[in-house]
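Thanks for coming. I will go through one model this morning, taking the strands and then the helices. Please have the structure open.

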Amino acid sequence: MTEKSCTLLVHFDKGTPALANEIKGALEGNDVEAKVEALKQAIMLLLNGDTIPHLFITIIRYVLPSEDHTVQKLLLLYLEIIDKTDSRGKVLPEMILICQNLRNNLQSPNEYIRGVTLRFLCRLNESEIIEPLIPSILANLEHRHPFVRRNAVSAVMSVYRLPHGEQMLVDAPEIVDRFLASEQDPSSKRNAFLMLFNCAQDRAVSYLFSHIDRITDWGEQLQMVVLELIRKVCRVNKGEKGKYIKVIISLLNAQSSAVVYECANTLVSLSSAPTAVRAAANTYCQLLLSQSDNNVKLIVLDRINELKASHREILVELVMDVLRALSSPNPDIRRKTLDIVLDLITPGNIDEVVMMLKKEVVKTQGAELEKNGEYRQMLVQAIYSCAVKFPEVASTVVHPLMDFLGDSNVASATDVAIFVREIIETNPKLRVSIITRLLDTFYQIRSSRVCTYALWIIGEYCLSLSEVESGIATIKQCLGELPFYTASEETEAQDVSRNTHTQVMNSSTVSSRRPVVLADGTYATQSAALETAMSAPVLVQGSLASVGNLRSLILSGDFFLESVVACTLTKLVLRLEEVQPSKVEVNKVTAQALLFMVSMLQLGQSPVLPHPIDNDSHDRIVLCIRLLCNKGEELKKIWLKSCRESFVTMLEDKKHREIQESKAMAQISNAQPDDLIDFYHLKSRKGMSQLELEDEVQDDLKRATGEFIKDGDDANRLNRILQLTGFSDPVYAEAYVTVNHYDIALDVTIINRTKATLQNLCLELATMGDLKLVERPQNYTLAPESTKQIKANIKVSSTETGVIFGNIVYETSSNSLERTVIVLNDIHIDIMDYISPASCADVLFRTMWAEFEWENKVSVNTVIEDEKEFLNHIVKATNMKCLTPPSALEGECGVLAANLYARSVFGEDALVNVSVEKQADGKLGGYIRIRSKTQGIALSLGDKFTLKQKGGF
């Protein structure tokens, strides 16, 4: 037996199956509506594998004579799906009964009946049924109605492509060629040209070039077939590309967007000539602006991105056209557009690009749209990337962006603060203007995180006397007048504290035990105060509670910000000593700074706030107080120079890593030394256009650089072959597994190793996990010592390790009642096939870590004794990217903590934290924590780590 071909798919609900007797009774009646419903039920039952015995005779007697169009249409669908041959492949005798009915339909006065019958004949594979109908099919080529002619041409093509079709319709190409020359209907012309394209390619090419002047006037469907013909011809005969490329260039002016898009794709696939690529790129940019469908825009952007990889210099010219796609409100389109544009920036276009981005940033302030904050953040990051690549533009963008430090979108404001911090270090000429602008706008900042960045900048880069004094004055103004709370407020808070002491203690205990991953990847206990700070600020009621942004945040319980304020004041006082000749002024400012620090400590220990100050912040503020009370030269050097030097080292390391990554991404193709190279200077240029000449030059260059050479993948193919049964089993089976993004293809080879014929052999498969079989198993007959290839497709719906298991069941001719079962080895689908290394910012990593609810904790158990070697082994074995920079992993301290990240093809995130330490016995101990949004990734990655961490692959 062979697999049945399915040309019809109908949804069927098996909840209330119809009985065979009811169907037969309805078909035998005179009610047309009942017949229609009965036929529908019969078709759906047959499609789902059910059988209705003796139904064919009932239909021949009671349905065939009906003149109702719906009944006739359903009758053809029924005839389409029933078995028309016996087990030996011979046509069943009763099928002759329908031949006369089909001939009558082909000669019917109603064009609908003729058309649907011709369409039915396109799906018939039985030559015995079709051969008597050939004269009627050909006669319909001259019918007055285009619907009939269109389907008649399709029927001629189907008949001609049958195994013996060329003998039944010897002159079909010539007939269709004449038909095409005189036909006016676009759909009929398309079907006729498709027939020549598939069955007589030379005639199709001849027709194309004889009507090349009118090709732009042809219908969309015919133009699409022309493009398919060009692709097919050029793949076989690359020497004729030049004249076909001219046809494609002319079709770029077609009215249909689909044709224009296909033209651009065809151009890029056939030619590397700059003229052709430029025409395709221009076409993509026009489609990007003219199409309103977001899906179309995303597809076109994908094509532009692919073009950028091989023809960047051409797309650089069109960077402003690509930027126009930012007019779309869709965030995915905007993000993809910015990613493409940032790779196309050059010294020649940087000014235009930055000006456009600045205009877009200004637009986000005007209208209060839902996605404005997210879009503004994208633009800020894009401008930041531009300024890092081309420092000369930083002066034009840094000041406008500083207006967004007080943005309500915290992520956007944070990006601006990080940007300003890097620019002020890399552009010393901008330091004074940035500091001045920052001090003027500092009061507008409402986010605690942005305040910490701004305070660090003020503490490190206020160098002159006026800047230091302005910095201290600004901080004092934002902190407000002392004290932070009054005696009456303290008494009131104590009363409230006594009443709610139990609840506060409970909540403090719960929140203080919540683990949080720090910037270096290690775990810490998140304090209750920080928990409060992460929520919306709750201000202490009082006359001075609303004065100053720093005061508001501190009174909401943000003790980490208190410690940052103390450190900034300490740096400013230490620097004031260097630039202020008056010791009186220095002592006065020092006393005021100490007063603020002591007041913050008192606030943290008072009952006014719902939670006491955490130990880290307390120790930090106390350290600052001790330093100001006992200043030493060595400590001053650490505070005023070492911090900044560490920041410079971090920037240099970041730049070095980016350079290394860009080098790694650059793929270098090498040609073999004995490859032939055609020198176009020695070629005859007669009859060659400039485009053809450019195309040949590009082909020669590709051949010289090895782009046409693809290394064999035989080793990987062998690794994909899995043995399913033993060598001693009567049936040997092995599978070649191909893992695609959303499905798995199994190519199973089955060998009958016995001397007997195996009947009803069936490969039964089942799955575990989010895997689903697409096809139903078929039965086969396997001759002695013969081989059968069976294909199975499995749909994948999520990222997790799955298992495919099953067995082979068959019967032997000697005993048809006994079925033999051979159990197959399990096929394990590896999660590594679905995840790939990816990058994300530290802030985003920690945000996702806090949000994701599934965590899997794996104990470290390995024979590897070096921490870095263990980390490298884990990264290599699990296909993840280490986010922790190499500089942070340097040194030998016996402890290592690193963050790993990967993303699946389904867009799921996989977060991993590796924390290991060398124990007293020299072995490594610790934990690997995996977090994800779905349970499948967390569990599957945990199993992978457990399997791979010991050191074996």
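I start with two strands, β4 (residues 731-739) and β5 (residues 743-752), which run antiparallel and are joined by 9 bridges. Two strands count as paired if DSSP finds at least two bridges between them. Helices (H or I, at least four residues) and strands (E, at least two) are DSSP runs, numbered from the N terminus.

Before going on, the ground rules. This is a predicted model, in which local features need pLDDT of at least 70 and side-chain atom pairs count only at pLDDT 80 or more, while totals for chains, interfaces and linings use all residues. Residues are numbered from 1 along each chain as its sequence is written, and side-chain values use heavy atoms, with hydrogens and water left out.

Back to the strands. β4 and β5 belong to an open sheet of 5 strands with antiparallel pairing, in the order β3-β4-β5-β9-β7. At the edges are β3 (721-723) and β7 (771-773), each of which pairs on one side only. On average, neighbouring strands of this sheet are turned by 30 degrees against each other, direction ignored.

Next is β6 (residues 758-768). It pairs with β10 (residues 802-812) in the antiparallel sense, over 9 bridges. In that pairing Gln759 has Glu811 of β10 as its bridge partner. β6 also pairs with β8 (residues 779-782), again antiparallel, over 3 bridges. Here Cys762 stands opposite Asn779 in β8.

Now the helices. What does helix α33 (residues 559-579) pack against? One partner is α28 (residues 465-479): the two axes come within 9 Å and cross at roughly 150 degrees. Axes here are lines fitted to C-alpha atoms, for helices over the stretch in contact, and angles run from 0 to 180 degrees between N-to-C directions. α28 and α33 are therefore roughly antiparallel to each other. The cut-offs are under 35 degrees for roughly parallel, over 145 for roughly antiparallel and 65 to 115 for roughly perpendicular, with the rest oblique.

The crossing of α28 and α33 is left-handed, that is, the near helix is turned anticlockwise from the far one by less than a right angle, whereas clockwise would be right-handed. In contact, meaning heavy atoms within 4.5 Å, are residues of α28 including Leu465, Ile472 and Leu479, and residues of α33 including Val565, Leu572 and Val579. By class, this contact has 10 nonpolar, 2 polar and 2 charged residues. Ala, Val, Leu, Ile, Met, Phe, Trp, Tyr, Cys and Pro count as nonpolar, Asp, Glu, Lys and Arg as charged, and the others, Gly among them, as polar.

Another partner of α33 is α27 (residues 448-461), packed at an angle of about 10 degrees with the axes 9 Å apart. α27 and α33 are therefore roughly parallel to each other. Among the residues making this contact are Cys451, Leu455 and Trp456 of α27, with Phe560, Val564 and Lys571 of α33. The contact divides into 9 nonpolar, 4 polar and 3 charged residues.

Elsewhere, α16 (residues 257-270) and α17 (residues 274-290) pack at about 150 degrees, with their axes 9 Å apart. They are therefore roughly antiparallel to each other, and their crossing is left-handed. Among the residues that meet are Val260, Tyr261 and Ala264 of α16 and Ala276, Ala280 and Tyr284 of α17. This contact has 10 nonpolar, 3 polar and no charged residues.

On to charges. Side chains of opposite charge can pair when their charged atoms come close. How many salt bridges does the structure hold? There are 29, counting a side-chain nitrogen of Lys or Arg within 4 Å of a carboxyl oxygen of Asp or Glu. One of them joins Arg144 to Glu111, with the closest N and O atoms 3.4 Å apart. Arg144 is in the loop between α8 (134-139) and α9 (146-160), Glu111 is in helix α6 (residues 111-121), and the two are 33 residues apart.

Last, the backbone. Most residues other than glycine have a negative phi, and most peptide bonds are trans. Leu482 and Pro483 are joined by a cis peptide bond, with omega about 0 degrees. Pro483 lies in the loop between α28 and α29 (487-499). Glu785, not a glycine, has a positive phi of about 55 degrees; its place is in the loop between β8 and β9 (787-796). Asn879 also has a positive phi, near 60 degrees, and is found in the loop between α40 (867-878) and β15 (881-882).
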